[in-house]
Amino acid sequence: MYIPDVSEMVQSHSRSLVRGPSPLANATFMLNSTGVAGLLGGEEAMSTVALAQIYDRRKWLGWYNTPGSYIMGKHFRRLAHSIISDSHVNPQSGTGPSEIVHIDPALLLQHDGWSKGPPLLMKRCIRISGTQVEGRVTQPVNVTIARLEQNPRLQPQMKFRHSPPLHSIIPIAVSFTTCVICGLYHEWYAFYMILLGILARGLTCIFIGSGELTFDHPKCAEGSPPGDGILGCDQELVLLKGHENIINAATRGRFFFTFQSKHACRMVELCSFFLIAQAIAQLICIPQSGLFGQLMFVFSIATSWVYNLWFLSFDKAEVRKEIFRNVLGSPKLKKFIFPNRSSAVVSLLLFSCDRKEPSNDPKKLKKIMDGLLPSGALVWEIWKGIVIEHLANGQPLCFDDTHWNHRDLSSESDRSLLKTLLKDAETAYDASSSE
């Protein structure tokens with residue numbers, strides 16, 4: 001009796017399973033990378049859509065096929081869950097229900113600092129050149145003195161409108177031309193996908209353009225005296241001097257995209273669905289088009305992508321400058337580059353103090369120093385106390401061995417550190433005296 005080998009049985013059985021043709025053997029559909037072009041350039045496309053609120057009639061200039069629809073759709077899904085009611089932005093706007101809603105522009109204009117007012121001034125201060133201060137070198141810190149004048153155009157709530165650039169017609173003309181050409185040559189897959197991209201982008205711009213970019217800041221009390229404010233990060237400190245109203249705008253102001261309808265959330269979700277559906281449809285249908293139709297589609301996408309890059313590199317900078325002038329006017333900026341942070345912090349105190357009337361509050365000075373130099377070590381606390389005492393009494397920051405040979409310091413290393421820090425304070429005093 002013959003017993004077949006197990007491996008032969010398995011191979012024979014497997015051959016019987018694949019004897020027929022493959023389910024996709026006769027398919028003419030072949031995926032390629034052409035449809036992926038619609039998934040690129042999403043960040044640039046998102047920012048150009050957001051700027052539709054700033055330009056007059058720009059919401060009608062978004063009718064062109066653009067890349068990045070899938071990424072745009074994902075961003076709009078986040079927007080749907082981040083809409084803020086008017087009662088949270090303006091608690092004193094009224095007691096009744098309001099139809100107005102707000103969106104943080106930072107969710108649309110990625111990494112551009114549009115959510116708050118301080119980045120407008122910080123970016124200006126970072127770009128200007130400064131005076132180098134000699135001293136003990138560790139990590140340089142820039143200190144900018146910004147003198148803000150009263151701006152008559154500044155209001156508790158401001159809206160911005162600008163004329164759209166003439167170049168906006170270029171991507172529109174290219175998209176419609178390629179769409180028509182595809183129709184004339186019966187490249188229907190490319191025709192419908194370009195048309196779908198035009199509609200998705202155009203409807204999204206109409207919705208976003210129905211809102212307004214507003215700048216909101218708290219209004220100071222009547223008769224408020226001139227005040228100071230401090231903006232800062234690790235390597236950049238800015239001292240604001242001027243009227244309390246414009247100081248509030250620079251430190252506490254916020255930008256919002258404001259919509260007059262509470263149904264904006266539903267519209268955001270609809271735009272998100274439309275954009276994601278467009279990306280999926282293009283990914284599937286463009287490979288089925290002929291080579292000519294695919295080239296027309298890529299040409300419309302490439303033109304829009306180049307336009308978006310140009311728009312963000314040139315036009316948005318002009319818009320930022322105009323908004324800066326409307327909010328903060330023309331501040332006078334003077335910048336110093338200090339060799340270390342301790343001398344930079346002392347210089348801030350010196351520039352904020354009134355040397356003609358030495359009535360500086362020691363508690364206020366101590367709070368500033370603790371906020372910018374948070375160290376609880378004994379040496380640092382003694383140094384802060386010595387500096388604050390001199391500033392409160394209007395005395396020059398000049399020290400000798402009687403100051404760094406402090407009775408509470410027993411080790412020589414602590415006294416040496418205190419001497420170094422006091423020398424840093426003298427460096428700041430010399431720099432501020434020349435201002």
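Modeller: Angles under 35 degrees count as roughly parallel, those over 145 as roughly antiparallel, those from 65 to 115 as roughly perpendicular, and the rest as oblique. The model is predicted, with local features needing pLDDT of at least 70 and side-chain atom pairs counting only at pLDDT 80 or more, while totals for chains, interfaces and linings use all residues. Residues are numbered from 1 along each chain as its sequence is written, and side-chain values use heavy atoms, with hydrogens and water left out.

Colleague: Why are α11 and α13 called roughly parallel to each other?

Modeller: Helix α11 (residues 341–352) packs against helix α13 (residues 378–392) at an angle of about 25 degrees, their axes being 11 Å apart. Angles run from 0 to 180 degrees between N-to-C directions, and the axes are lines fitted to C-alpha atoms, for helices over the stretch in contact. The limit for roughly parallel is under 35 degrees, and α11 and α13 are therefore roughly parallel.

Colleague: What makes α12 oblique to α13?

Modeller: The axes of helix α12 (residues 362–372) and α13 come within 10 Å and cross at roughly 140 degrees. That angle makes α12 oblique to α13, since roughly antiparallel begins over 145.

Colleague: What makes the contact between Glu381 and Lys366 a salt bridge?

Modeller: A salt bridge is a side-chain nitrogen of Lys or Arg within 4 Å of a carboxyl oxygen of Asp or Glu, and the side chains of Glu381 and Lys366 meet at 3.2 Å, N to O. Glu381 lies in helix α13 and Lys366 in helix α12, so the pair ties together parts that are 15 residues apart in sequence. Salt bridges that share partners join Lys366, Asp370, Glu381 and Lys384 into one network.

Colleague: Which parts of the chain does the salt bridge between Arg136 and Asp424 link?

Modeller: Arg136 and Asp424 meet at 2.4 Å, N to O. Arg136 sits in the loop between β3 (131–132) and β4 (141–148), and Asp424 in helix α15 (residues 412–433), 288 residues apart.

Colleague: How do you know whether Asp424 is buried or exposed?

Modeller: Buried means under 20% relative accessible area, exposed over 50%, and partly exposed in between (1.4 Å probe, protein chains only). At 2% relative accessibility, Asp424 counts as buried, whereas Arg136, at 34%, counts as partly exposed.

Colleague: Why is Leu184 called exposed?

Modeller: Leu184, in helix α6 (residues 169–184), has 61% relative accessibility and therefore counts as exposed.

Conventions
Helix = DSSP H or I, 4+ residues; strand = E, 2+ residues; numbered from the N terminus.
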